[in-house]
Amino acid sequence: MNWLDLLALGPHVFLVFGATSLLLLGAWCSKTRVILLSGIFVSLLSALLSGIAPPVDGDIAGLFSAGGYARFFTIFWFLTAAITLMISVRFSIELNLNAGEYVALVLFAALGMALLSSAIHLLGLFLGLEALTLAFYVLIASNRRSELSAEAGLKYLLLGAVATGFLAFGIGLVYTASGSLHLPEAFQGLQAEDGHLRAWGLLGWGLLLTAVGFKISLVPFHLWTADVYQGTPSPVAAFLSTGAKGAVVAGFIGLVISSGSAWKDLSDLLWVVAALTMIFGALGGLPQNNLKRLLAYSSIAHMGTVLVGILCQTPTGFSATIFYIVVYVIANLGTFGVIASFSRAGEEPEDLDQWRGLGYRNPLRCTVLTLLLLSLAGLPATAGFIGKFAIFHAAIQSGLVSLAIIGIISSLIAFAYYLKVVIVMFSPESQADRPSPGEPLEFGVLAACTTAVILLGLFPGPLFDLISKILP
Amino acid sequence: MINTVDTLPAFPWLSLMVFLPLSGALLCLLHTRSERDCRWLGLTVAVATFGIAIWLFLSQQPNASGWFCVEDIEWIGRFSIRYNLAMDGIALVMVLLTTFLQIVSMLLAWPVRRHVGLFFALLLILESGLLGIFLAQDLILFYLFWEVALIPMFFLIGIWGHNRRHEAALKFFLYTLAGSLFMLLAIIGLYVIHGDQTGHYSFLISDLARTELTLRQEYLLFGGFLAAFAIKSPLVPFHTWLPDALSEAPAVGSLDLTGLLIKTGVYGLIRIAFPLFPNATSECLPIFGTFALVALFHAGWCAYHQDDIKRLLAYSSISHLGLVVLGLAAWTFTAWQGSLLLMVSHGITTGALLAMVAMIRQRIATRNLQKLSGLWAQAPCLSALFLLFALASLGLPGLANFSGEILVLIGTFQTRPIWAIMGIAGVVFAAAYMLRLIQRVLWGEPTQAEVADLSPREWLILIPLAILTVWLGIYPATFLKPLETPVLLALGGLP
């Protein structure tokens with residue numbers, strides 16, 4: 001590692017320093033709001049720093065890339081962390097959390113996401129993923145008054161540990177087979193002379209995929225999702241469903257791109273996984289009466305669609321996937337943001353009955369939620385539609401027509417549960433208890449997410465141009 | 001075809017027409033406090049939009065390929081999606097119908113009490129969506145408007161509907177969405193095939209029509225489009241959502257649903273499915289004809305057995321739409337003109353009947369034929385107009401539906417005499433259920449002590465509808481003339 005490497009890592013280093021000092025500050029300063037606001041400031045400034053830092057050639061210590069792709073996701077995850085902190089302010093004040101700890105964990109998780117998305121070395125990948133997962137073990141259980149939260153934390157811990165085991169073992173096998181941990185050599189070395197994967201390579205890939213499957217909850221590794229989401233406080237759930245999954249997808253795209261033609265041996269398997277994930281995500285959400293569980297199934301269905309984009313194995317497919325991820329992250333952040341803005345002292349309106357008639361008493365936030373849900377569902381004129389369109393377009397172009405049909409059918413089914421929420425919000429029966437009126441920071445987040453969803457829905461061109469520029 | 005237009009109006013009238021209602025809707029949403037303002041705003045915007053449509057009708061001359069005006073700019077360059085609105089005679093007639101019926105809707109929506117701002121905003125969004133559907137020449141733009149028109153109707157049914165509104169709204173939405181998602185697949189599929197073939201990616205209908213397709217591809221893609229259009233139209237056997245949606249929808253919602261929304265299905269067939277897949281179309285025409293006849297009889301039979309007037313009108317609409325599709329399947333100039341004219345007349349007459357059902361329901365609080373009786377004795381003016389529209393709907397010569405029906409039958413007779421003969425038999429059904437409706441509602445002993453006759457607002461709604469009903473019956477040429485060139489062009493490539 002030399003000075004140039006350090007310069008490229010500057011924003012990350014700044015973030016770590018900021019997080020650590022806020023952690024220490026938390027020991028002296030009891031003003032939760034101040035610490036959270038400084039956390040927001042630190043993450044925004046880090047995002048800005050990685051935006052304006054001069055471009056660096058090559059990579060950082062052979063572990064992480066410093067290219068446009070890495071930088072794009074670094075900025076994006078830092079912003080995601082900032083938004084998460086913005087919707088956490090009231091939550092952490094009302095629950096009297098140890099703010100320094102909370103902020104530091106969110107920022108460390110963001111760092112893990114950034115490193116994971118820019119990994120070009122299997123160890124870098126492992127480091128990034130573990131940094132992110134470790135932070136989440138604590139974050140998920142941050143509402144210590146809730147049993148569900150503790151249960152969710154334990155579930156995530158156990159399954160996370162299992163996934164880590166799979167990942168480490170998979171990396172070990174890939175190293176055994178190819179003799180390298182550096183991408184793309186590590187995967188190129190897996191090919192035998194006939195173009196197929198060596199047995200060890202296949203096994204290694206299988207274990208890697210299992211780990212990825214756990215992290216982004218692909219069927220059949222999806223069972224933890226609904227329980228964990230339900231128990232997790234919504235600001236953390238927002239971060240978990242967006243950043244934690246998106247970063248794994250971003251890292252996974254890097255793996256897939258470097259794997260070359262050996263990928264063909266896996267694509268049949270992944271085809272089935274993608275189809276099942278989309279179908280289960282759509283069907284599983286139908287009977288849910290808890291909004292957070294419903295969103296968990298929605299996120300499962302979305303990850304299935306993302307996998308379709310990755311399966312295309314074309315630049316069109318990858319850029320569609322990245323666009324889809326960006327849009328999904330924005331809409332999901334906003335959705336959980338609305339839930340967080342209605343919560344009071346850690347009590348969130350999760351049950352759909354609590355949303356009954358809310359649309360008339362809080363028209364602004366419920367309209368925003370309607371719009372974001374429709375974007376998640378993929379209605380035209382929202383960004384979600386362009387995302388789905390781009391993915392299915394890429395899929396049909398690469399000949400995955402039947403997968404596109406399955407995707408269309410499952411997004412039709414998913415529409416039913418998104419609309420169920422909308423109907424409930426605008427049904428006349430009114431509930432007595434008053435949810436929180438929300439606060440400016442939360443409204444700011446909602447405004448930003450809504451604007452982004454509409455703008456990207458009507459004018460997706462610039463983002464697509466940016467994505468095709470940064471694609472490795 | 002489109003790009004060769006030389007009479008481009010400098011001012012984007014079409015965009016103005018499409019987006020004026022949408023901006024009105026935003027104003028309504030921002031200004032929900034004053035219900036009175038929202039009502040007047042809605043009405044003003046609807047009248048202004050109708051004014052633009054009339055102005056375009058009077059001032060613009062179609063060019064050689066039948067286009068009145070065209071607007072075309074690039075929208076999403078990456079996928080070569082263009083913002084392309086264009087209006088030919090068929091679109092013009094549909095636009096006139098839409099903007100006119102929206103004024104009627106606004107007036108009919110006057111007594112709505114709950115969430116007035118939202119209600120009028122949704123009506124205006126619906127209008128924007130419908131106008132967009134009729135004008136868009138780019139398939140993605142078309143798809144966008146197609147879905148945008150769905151959302152307000154979903155809320156209109158789901159919020160202001162009757163007892164089973166939630167199920168009805170969801171059924172309506174998912175049913176139509178199922179069709180349109182398959183259309184989306186077909187659109188993307190066609191786009192990819194066209195792009196691979198020519199190296200020039202485009203979603204413009206005129207470009208895509210030049211794609212060389214194998215018959216198998218044509219069938220698959222045609223099927224995708226057909227899924228959307230057949231469900232929306234609704235063709236038998238995809239019609240079951242309409243009676244539910246219609247009977248649960250509020251008065252205005254059902255007027256827009258039958259008067260306008262289901263017309264988009266037939267319009268899609270004419271404008272998109274037929275020209276894009278000529279071979280599959282000509283192969284499928286007999287099937288269309290058969291299903292149209294089935295619809296004509298089946299829906300007529302069902303209509304005869306309904307006690308709820310709205311369900312009766314829903315089945316009658318399905319039956320009429322069957323006749324429209326029969327005319328299209330006959331594939332002659334006369335039949336097509338008749339079909340298009342019948343769409344307009346059906347919108348006017350059934351719209352008027354639905355408006356009157358709402359008026360009756362306000363007075364007697366029922367739509368059940370078993371409970372209604374003897375309205376004539378108490379409200380003669382209301383009853384007289386009801387009689388007029390009902391007779392027009394059953395196809396009495398000199399009134400609206402007749403001219404369309406007779407053209408359809410004559411045109412069909414030219415190519416398929418058997419169909420025409422069966423079609424005439426089907427029209428008799430219309431007489432049966434309409435006469436039953438008239439008899440039950442108007443004649444007999446009055447059930448209520450006192451029923452008020454028409455109020456000024458109701459006169460204002462019904463008089464223009466009555467004038468149009470007679471006009472369409474006596475002098476349909478006004479509406480047939482703009483249809484000539486586009487119909488000839490549409491039929492050009494085929495037998």
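What percentage of the 495 residues in chain B is buried? I looked this up to get started, and buried residues come to 62%. A reminder to myself: this is a predicted model.

**Chain B, overall**

I took the box along the principal axes next, and the C-alpha atoms of chain B fill roughly 75 × 55 × 40 Å. For 495 residues, a compact globule would have a radius of gyration near 23 Å, and the 22 Å of chain B agrees with that. I then turned to contacts with a separation of 6 or more: in chain B, 80% of them join residues 24 or more positions apart. My tally of secondary structure for chain B is 20 helices and two strands.

**The strands of chain B**

With the helices set aside, I went to the strands. E1(B) covers residues 67–76, and E2(B) covers residues 81–88. The two pair in the antiparallel sense, over eight bridges. Which residue of E2(B) is the bridge partner of B:Val70? I found B:Ala86 there. Four residues lie between the strands of this hairpin, and B:Ser80 in the turn has a positive phi of about 45°. I also checked burial along E1(B): seven of its 10 residues are buried, so the strand is largely enclosed by the rest of the structure.

**A helix in chain A**

Last, I picked helix H5(A), residues 99–117. From first C-alpha to last, its 19 residues reach 27 Å, close to the 27 Å expected at 1.5 Å a residue. Is H5(A) mostly covered or mostly uncovered? It is mostly covered, with 18 of its 19 residues buried.

Key
Residues numbered from 1 in each chain as written. Chains lettered and ligands numbered in written order. Predicted model: local features only at pLDDT ≥ 70, side-chain atom pairs only at ≥ 80, totals over all residues. Buried ≥ 20, exposed ≤ 12 C-beta atoms within 10 Å, placed from the backbone. Pairing = 2+ DSSP bridges. Expected span 1.5 Å × (residues − 1). Rg over C-alpha atoms; globule rule 2.2 N^0.38 Å. Contact = placed C-beta atoms within 7 Å.
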